[in-house]
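Visitor: Could you walk me through this one? I am new to reading structures.

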Amino acid sequence: MVNSLFTKQDENLVSMENVSEKIKIYPSYYLQKLPGTSPQLFLREGVAEKIIRLAESLSGQLSLVLIDGWRSYETQRYLYDRAVACFHKLGHTEQQIKEEMPGFVAFPSRDPACPAPHYSGSAIDLTLAKGQGWLEMGTDFDDFTDKAGLNYYEGKEGLSGSALRARNNRRKLRRLMESAGFVPNPTEWWHYSYGDRTWAGANHTVPLYGGTEK
Ligand SMILES: C[C@@H](N)C(=O)N[C@H](C)C(=O)O
Ligand SMILES: [Zn+2]
């Protein structure tokens, strides 16, 4: 697939800074001083509009915390290599790593046919907050274990109070994001996308956005 086939490839990346009182930015990778990061968070214009509309619809003290949006190739490469090294250290086999990686960190591809989702500016990592506190989700951001799975708490009996809160908060984030047209990543409760190849697969259509530089 070539870039001209992405119908929204010309859309700009826009900064999410000061776009809504209901949106806070927590640039985790910049704060970790990873290569290729910046304190700003960028999304494709159409994706940004959806997120702003969603945020503005939140009631009371609820708000969105955006953790990552458009991601440079350099950052994607770093995250990928770091996760592989971490899985090796934990004793995972090559086969396990091959199977686990796509769910947790996409391959750092700039291939127009198959760009890493965040490199297209249409994938987003986020959570919900109430006042200053982030809602309980059961794991930290970028916890690359089964526990981060979107449905980890579903269908489990005898959940503790905090597990029940995490289950309900994951459901809440999912309901909000899906009703705005985003698709979730089954292995990471914080990752959603609109218009990338994951979204296209789930909607039996073609991606709207390819990879892009800032
Ligand atoms: C690394 C994590 N925050 C994330 O975004 N994972 C997905 C699978 C990705 O890298 O596209
Ligand atoms: Zn993500």
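Guide: What follows goes through the metal site, the other ligand and some salt bridges. This is a predicted model, in which local features need pLDDT of at least 70, side-chain atom pairs count only at pLDDT 80 or more, and totals for chains, interfaces and linings use all residues. Residues are numbered from 1 along each chain as its sequence is written, chains are lettered from A and ligands numbered from 1 in the order in which they are written, and side-chain values use heavy atoms, leaving out hydrogens and water.

Visitor: OK, which residues coordinate the zinc ion (ligand 2)?

Guide: His-118 through NE2, Asp-125 through OD and His-191 through ND1, at 2.0 Å. Donors here are N, O and S atoms within 2.8 Å of the metal (3.2 Å for Na, K and Ca); water is not among the atoms, so sites may look incomplete.

Visitor: And what arrangement do the donor atoms make around the zinc ion (ligand 2)?

Guide: Tetrahedral, because the four donor atoms subtend angles of 92 to 125°. Four donors count as tetrahedral if all angles lie between 85 and 135 degrees. For four tetrahedral donors the ideal angle is 109.5 degrees.

Visitor: What spacing do the donors of the zinc ion (ligand 2) follow along the chain?

Guide: The spacing is H-x6-D-x65-H. Asp-125 sits in strand S5 (residues 123-130) and His-191 in strand S8 (residues 188-193), so this pair ties together parts that are 66 residues apart in sequence. Helices (H or I, at least four residues) and strands (E, at least two) are DSSP runs, numbered from the N terminus.

Visitor: Are Asp-125 and His-191 buried or exposed?

Guide: Both are buried. Buried means under 20% relative accessible area, exposed over 50%, and partly exposed in between (1.4 Å probe, protein chains only).

Visitor: Switching to ligand 1, which residues come nearest?

Guide: Of the 18 residues around ligand 1, the nearest are Arg-71, Phe-104, Ala-106, His-118 and Asp-142. A residue is near a molecule if one of its heavy atoms lies within 4 Å of it.

Visitor: What about Asp-142, how does its side chain sit against ligand 1?

Guide: An N or O atom in the Asp-142 side chain is 2.7 Å from a nitrogen atom of ligand 1. The zinc donor His-118 has a polar side-chain atom 3.0 Å from an oxygen atom of ligand 1. For His-191, an N or O atom of the side chain is 3.4 Å from an oxygen atom of ligand 1. Taken alone, ligand 1 exposes 320 Å², and the protein buries 98% of that. Those areas come from the Shrake-Rupley method with a 1.4 Å probe.

Visitor: How many salt bridges does a search of the whole structure find?

Guide: Six. A salt bridge is a side-chain nitrogen of Lys or Arg within 4 Å of a carboxyl oxygen of Asp or Glu. In one of them Glu-136 pairs with Arg-165, with the closest N and O atoms 2.7 Å apart.

Visitor: Where do Glu-136 and Arg-165 lie?

Guide: Glu-136 is in the loop between strand S6 (133-134) and helix H5 (161-179), and Arg-165 is in helix H5, so the pair ties together parts 29 residues apart in sequence. Glu-136 counts as partly exposed because its relative accessibility is 35%.

Visitor: What about Arg-174 and Glu-178?

Guide: Their side chains meet in a salt bridge (3.1 Å, N to O). Both lie in helix H5, four residues apart, about one turn of the helix.

Visitor: And which residues are linked in a network of salt bridges?

Guide: Asp-68, Arg-71 and Asp-125. Asp-125 is also one of the zinc donors.

How values were computed
Tetrahedral: all angles 85-135°; square planar, octahedral: opposite > 155°, others 65-115°. Polar contact = N/O pair within 3.5 Å; in protein donor to acceptor, adjacent residues only side chain to side chain.
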